[in-house]
Amino acid sequence: MAEFDFDVLVIGAGPGGYVAAIRAAQLGLKTACAESRETLGGTCLNVGCIPSKALLNASEIYEEAHEGVFAKFGIKTEGVSLDLDAMHAEKTKAVGELTGGIEYLFKKNKVEWLKGLATFTGANTVEVAGKTVTAKKIVIATGSSVTPLPGVEIDQKVVIDSTGALALPKVPEHMVVIGGGVIGLELGSVWRRLGAKVTVVEFLDQILPGFDGEVRKESTKIFKKQGFDIKTGTKVTGVAVNGGKATVTVEPAAGGAAETIEADAVLVSIGRRPNTDGLGLDKIGLATNNRGQIEVGHDFQTAVKGVYAIGDVTPGPMLAHKAEDEGVAVAEFISGITGIVNHDVIPSVVYTHPEIAGVGLTEEQAKEKGAIKVGKFPMMANSRAKTIRDTDGFVKVIAEADSDRVLGVWVVSSVAGTMIAQAAQAMEFGATSEDIAYTCHAHPTHSEAIKEAAMAVQGKPIHI
Ligand code: FAD
Ligand code: NAD
């Protein structure tokens with residue numbers, strides 16, 4: 001009889017966990033994955049990346065039809081109206097197809113889904129739905145949940161988190177978004193496009209922490225132009241709910257006079273925190289750091305031998321593709337191959353309109369490390385952006401002064417999320433700005449703006 005029930009047991013079937021499980025099975029390891037949700041795919045597929053992008057797409061089409069963009073191109077639509085239930089139904093279909101797809105992939109790769117909440121009872125043993133399961137290696141991929149705002153109770157009716165904001169049954173008149181980060185701006189965009197007035201209250205002096213300073217400033221200008229009311233340097237001190245309405249009390253972050261804002265929806269989006277409650281980490285003597293995260297070594301192994309961790313529950317950006325890449329790498333390490341994730345080259349995309357994307361260092365971070373050269377190119381001078389009448393934004397390429405090696409690329413453009421892939425690949429290959437500048441880019445494409453920004457690093461762009 002085998003010593004353990006499984007070679008590998010993965011806890012959590014989000015992008016980190018399901019990918020780790022599939023890769024481990026592909027590598028010939030007997031693999032199980034414990035997941036307590038009704039469907040596989042974790043936060044990303046069920047209540048994150050996928051439903052939010054479905055609503056972002058649908059709301060964008062609605063706004064274009066409703067606000068005259070179609071008409072500008074000579075496409076006459078009359079009596080455009082919103083069927084929100086149909087929009088939600090289409091989103092639900094996309095989610096169902098993708099979560100069902102993971103179930104299919106589990107079956108195809110012979111990954112056993114253990115349905116229920118897993119709790120450690122020992123370093124090789126977990127309990128799932130009352131059953132004890134043993135495994136030689138265990139991977140924690142339990143993800144993250146919404147960070148609550150002390151004193152503000154989420155009722156998912158008036159005061160909502162991202163999950164509530166993906167399922168509102170009607171368009172609010174006024175939505176207050178607490179936190180001008182990725183979730184606040186994406187889901188704020190959805191409801192603004194569908195007709196809500198949206199006020200963003202951000203504690204810091206700028207929205208989008210972690211992004212390049214110039215990108216943050218330009219984005220603020222664009223969002224304000226779209227009608228967002230953005231209150232930076234402002235903190236929420238309380239939310240009172242009465243009869244389906246909320247009164248949000250805010251005051252300057254630096255201290256000062258309080259004011260109130262009336263709203264019929266309040267979205268709390270001030271960040272996410274790692275999921276470790278109920279996991280029984282104390283049973284295996286595994287402590288979390290002061291941010292509640294599980295620290296790991298280069299091979300994703302925790303301080304407890306044979307126990308690994310990946311994705312949102314570990315340090316680093318809370319992004320699905322970071323979790324996925326770590327999922328592949330951890331399975332490879334477990335099977336004896338060297339897994340590779342370059343944590344210096346993880347792109348980040350905000351799927352608003354325009355999209356906002358970056359990879360590598362911000363200009364501020366790069367300057368701290370030494371001398372740099374920066375090249376910029378406005379989308380206004382990009383022929384494709386001109387043809388589609390959508391010229392907001394710019395591309396910025398940051399290179400090391402001496403070596404010309406690209407350290408960071410930032411893009412604000414309608415298709416920035418797609419454009420950033422070439423920048424990530426160039427950086428992964430150790431490209432210089434000259435390498436990008438001398439790469440032939442198809443015309444007319446938005447990506448030519450990356451080539452021109454790289455040419456601008458040398459001071460010789462053609463089209464400005
Ligand atoms: P998760 O996806 O959180 O999965 C963890 C799973 O573990 C969950 O299903 C949970 O039920 C399960 N679990 C937890 N504890 C246990 C236990 N003890 N036993 C059994 N199961 C357990 N990222 C992007 O890159 N792009 C985006 O566009 C994007 N959009 C987002 C939009 C929203 C609204 C949100 C909330 C997040 C978004 N993210 C996006 C972030 C992305 O969802 C996460 O980074 C990603 O899901 C992390 O993957 P993970 O596998 O680490 O964890
Ligand atoms: P975030 O960290 O992106 O933004 C939170 C914002 O809230 C920050 O700007 C912060 O300064 C502000 N804040 C914190 N406390 C506050 C307070 N008391 N009052 C006012 N503002 C306050 O977090 P998020 O938007 O909640 O997203 C969580 C995670 O999900 C992020 O790490 C993100 O990477 C991930 N996510 C990614 C995508 C994407 O890749 N497109 C989309 C959605 C979510």
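I started with the polar contacts of ligand 1, taken as pairs of N or O atoms within 3.5 Å. A polar side-chain atom of Thr 43 sits 2.6 Å from an oxygen atom of ligand 1. A polar side-chain atom of His 321 is 3.3 Å from an oxygen atom of the ligand. For Leu 319, a polar backbone atom lies 3.2 Å from a ligand oxygen. I then checked cover: ligand 1 alone exposes 990 Å², and the protein buries 93% of that (Shrake-Rupley method, 1.4 Å probe).

Note on the source: this is a predicted model, where local features need pLDDT of at least 70, side-chain atom pairs count only at pLDDT 80 or more, and totals for chains, interfaces and linings use all residues. Residues are numbered from 1 along each chain as written, chains are lettered from A and ligands numbered from 1 in written order, and side-chain values use heavy atoms, without hydrogens and water.

Next, the shell. I find 38 residues around ligand 1, each with a heavy atom within 4 Å. Glu 35, Thr 43 and Lys 53 are among the closest. Which helix gives the largest share of the shell? It is α2, with four residues. Helices here are DSSP runs (H or I, at least four residues).

Last, Thr 445. I place it in the loop between α13 (433-437) and α14 (448-457). Thr 445 is partly exposed, at 22% relative accessible area (the class runs between buried, under 20%, and exposed, over 50%). The backbone oxygen of Ala 442 lies 2.6 Å from a polar side-chain atom of Thr 445.

Terms used. Polar contact = N/O pair within 3.5 Å; in protein donor to acceptor, adjacent residues only side chain to side chain. Helix = DSSP H or I, 4+ residues; strand = E, 2+ residues; numbered from the N terminus. Buried < 20%, exposed > 50% of the residue type's maximum accessible area, 1.4 Å probe, protein only.
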